Amino acid sequence: MAFDSLFGYSVKEAMRYLLQKPRSLVQVSAGVALIQGSHISMWGGKGFHLIPKWKYAWPSLATWCVFGVTSLLVTGWTTLLAPTLVSCQYDVQGTELNLTSPAFSHLLGIELDAYSPSMIHDASFPVIDVGGPVSGIAAAGISFGMPGIVNFNQAKYNLSTGGLLPAVRHYAGSQILAGTTGTRLSFSGGETTANARPKHESSGSGITADIDCYAAATSSQDLNFTNVNATISVTPPGDTSLPYALIAWSSTADCNANSTATQEYVTWANASGQPDPAATGFLPTVVCPRHRNESDVYSRFVIAAQGFYKYDFLPSTICEVTPLVTTTRVSYSNGGIINASQIISKQTFSPNDAYLLFFLAGVTNYHARNSQGLMNNIIGDTLYSTYSAEFNTPISNNMTAVYRELENYWRGVIEFTATFLRAGYSAKGAFRDGIPSNMTSPVNGTMFMLTIGWANRGPLYILSILPIAIVTLLTVIAAIYSLLHSCKQQHLPHQQTSFDVSNTLQLIMACSGGGLTKVSADGDLTSKLSGFDMQGLIDNQSIKVKLEEDGNTKKLVISK
């Protein structure tokens, strides 16, 4: 709009100057069209004026060319100056707790030594009761492409936590201080350290697990997994209560020559001591906190499980769990979802990570025990319901899919356990002066910001807009010159006001003052110009007029 105004003003002043000499009416018409940002058409066809001589066609061509250039300039500058969506990218850095650093491993060992082996699985970790199974269930659905969101400490993870902690404050979840008694191994929620500036993508250290589940009958590892039970009849007080029985189970696995792991359960049965196979499910699970190799106390552990009654589709099974330290690319979406599924690199635990392995195995054993209720098991129900949502065939006919589910379930539990541990020691108040530097590792990332603005598209882009920039600059110079010249002219005594040829009223007044009309004998006005017939229009195009000014008097007179 500003360009159109400047261009129109420049042409208007130029026309006033040009009309001081004789100009044809077709040239005057072209000038008026340019002032108004339009064009003229006079080379034949219906609705057009026929021009028999091509020397009168150039004004039409000129107005069309100028009209096209000005339209292009307006569109170009509108595109350039109007703000658009711009993506900005910045490199950012920060730090996070390193679970595999020697300093942290030493600290974890000291704190775990304060617990007996049995206490490490007890209710001192109530948050694990919910977070672990939720993460396991979400991860199990990955086997069949099912979506799932894991919420922990008000942070939202897509499918699984990946053993990571959000490095961005906006995504880190709870902003409530946990307090010194609610941190480390006693963590139950609260603000955690986020040392990286806001970003949408970063690489951080995580924990996952490579898990391989298979039938014990095909295993070279003889765990001698056994399940013995004893039935206890119960007669509740009162005449309306029916008697029932409780079955006490003892599940045992020989982890190695010098170690045996035992898990005890209680399930429900009817008065005769028989459980309902369709309604009762029992899935005992025993965790050996180290590998069958007695000297391997840091790299892997073993899980033994078997399904009974409605879970009898799962035979005696062994799962080998190999935790891995990962470097993971983490992306933070606009919806507050943390995606930690793209692993860049991974490696097994080192001998310094024996306490970390012990903790992961201990929490796994905690889940193995607490997942079993009187009549059902969370793990068994997850395997059955997730499979049934994807397949119509009997679950016992597709053990490959069942084992894949079981592997992903335990992987989800392992990853959540690592996130829980990282959150506990990253919570505000876990350390007096923040996480010690010898327990941290760098976090590198990239911030992608989508905003409204203008983007630098490089030298070639600037070169491409050079032509319209030159035309615009010339137009501005012409407008400034016209304005200065107009102001100077208006201070002359014989030129008080400017003349605008595109102003209809001023044009009529100038034509009348110049005598382009005359009074006939009967009092009617007649024109010195030809009529509106085709021949008259043709004749009028070649007539030349000029502007005569005398103070406030403006006249358009016919000139030769």
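The link of cysteine 255 and cysteine 288 is left-handed, with -85 degrees about the S-S bond. This pair connects distant parts of the chain, cysteine 255 lying in strand β7 (residues 244–256) and cysteine 288 in strand β10 (residues 285–288), 33 residues apart. The two form a disulfide with their sulfur atoms 2.0 Å apart, a disulfide being a pair of cysteine sulfur atoms within 2.5 Å. The model is a predicted one, in which local features need pLDDT of at least 70 and side-chain atom pairs count only at pLDDT 80 or more, whereas totals for chains, interfaces and linings use all residues. Residues are numbered from 1 along each chain as its sequence is written, and side-chain values use heavy atoms, with hydrogens and water left out. Strands (E, at least two residues) and helices (H or I, at least four) are DSSP runs numbered from the N terminus.

Cysteine 255 counts as buried because its relative accessibility is 1%; buried denotes under 20% relative accessible area, exposed over 50%, and partly exposed the range in between (1.4 Å probe, protein chains only). Cysteine 288 is likewise buried, with a relative accessible area of 1%.

The structure holds two disulfides. The other bond joins cysteine 213 to cysteine 319, with an S to S distance of 2.0 Å. Its geometry is right-handed, with 110 degrees about the S-S bond. Cysteine 213 is placed in strand β5 (residues 201–215) and cysteine 319 in strand β13 (residues 317–332), so this pair ties together parts that are 106 residues apart in sequence. Cysteine 213 is buried at 5% relative accessibility, and cysteine 319 is buried at 2%. With the bonded cysteines of the protein chain numbered in sequence order, the pairing is 1-4, 2-3.

Side chains of opposite charge can pair when their charged atoms come close. A search of the whole structure finds four salt bridges, each defined as a side-chain nitrogen of Lys or Arg within 4 Å of a carboxyl oxygen of Asp or Glu. One of them is formed by arginine 184 and glutamate 111, at 2.5 Å from N to O. Arginine 184 lies in the loop between β4 (155–158) and β5 and glutamate 111 in helix α4 (residues 102–112), so the pair ties together parts that are 73 residues apart in sequence. Arginine 184 is partly exposed at 22%, whereas glutamate 111 is buried at 18%.

Glutamate 320 forms a salt bridge with arginine 300, the closest N and O atoms being 3.8 Å apart. Here glutamate 320 belongs to strand β13 and arginine 300 to the loop between β10 and β11 (301–305), 20 residues away. Glutamate 415 and arginine 411 meet in a salt bridge of 3.1 Å, N to O. Both lie in helix α8 (residues 399–426), four residues apart, about one turn of the helix, and both are buried.

Threonine 386 is found in helix α7 (residues 378–390) and counts as buried at 7% relative accessibility. A polar atom of its side chain lies 2.8 Å from the backbone oxygen of threonine 382. Residues up to four places away in sequence not being counted, threonine 386 touches Ala140, Gly141, Phe144, Met146 and Glu405, contact meaning heavy atoms within 4.5 Å.

Terms used:
Polar contact = N/O pair within 3.5 Å; in protein donor to acceptor, adjacent residues only side chain to side chain.
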